[in-house]
Amino acid sequence: MRGRDTLFGPEIQALRAIIEGGAPSTAQPGSLRSLDLEEAYVAAVRGASRLASRVPRLVIDAGNGSAGPMALRTLSALGVEVDALYCDMDGTFPHHHPDPPVEDNLVALRQRVA
């Protein structure tokens, strides 16, 4: 992210070049630690959600993007019945890119909902 915008296209390729090139950082030395935030995220969403007594059923199409597995985990924790389309991560995006504003990317979702 950059502010409220998502990096994509040439911008994300420029970031990739920086990462792969090992460009020196001008930032102050710091530290690195790994945190598993998935459980905390699911708990926060569960705590903030107020679902009706009737369990909703949803169809989601993650387009093989990175949000798919977390969406499934979170919705399952909420008791939502999920019909998943392309929720396994695959950076080659074999079905379509995870970009819902593009009409062509909604074909499988529309068919499943219908």
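L58 stands opposite V82 in strand β2. The two strands involved, β1 (residues 57-61) and β2 (residues 81-85), run parallel and share five bridges; strands count as paired if DSSP finds at least two bridges between them. To get from β1 to β2 the chain goes through helix α3 (residues 67-77), and this β-α-β crossover is right-handed. That means clockwise, going from the first strand over the helix to the second, with the strands pointing away from the viewer.

Keep in mind that this is a predicted model, where local features need pLDDT of at least 70, side-chain atom pairs need 80 or more, and totals for chains, interfaces and linings use all residues. Residues are numbered from 1 along each chain as its sequence is written, and side-chain values use heavy atoms, without hydrogens and water.

| Part | Mean pLDDT |
|---|---|
| Protein chain | 87 |
| α1, lowest among the elements | 85 |
| β2, highest among the elements | 95 |

Helices and strands here are DSSP runs, numbered from the N terminus: H or I over at least four residues for helices, E over at least two for strands.

Now look at N64, in the loop between β1 and α3. N64 is buried, with a relative accessible area of 2% (buried means under 20%, exposed over 50%, partly exposed in between, with a 1.4 Å probe and protein chains only). Beyond residues up to four places away in sequence, N64 touches several others, including Y86, M89 and F93; contact means heavy atoms within 4.5 Å. The C-alpha atoms of N64 and M89 are 4.6 Å apart, despite 25 residues along the chain.

Methods: pLDDT is the predictor's confidence in each residue, from 0 to 100.
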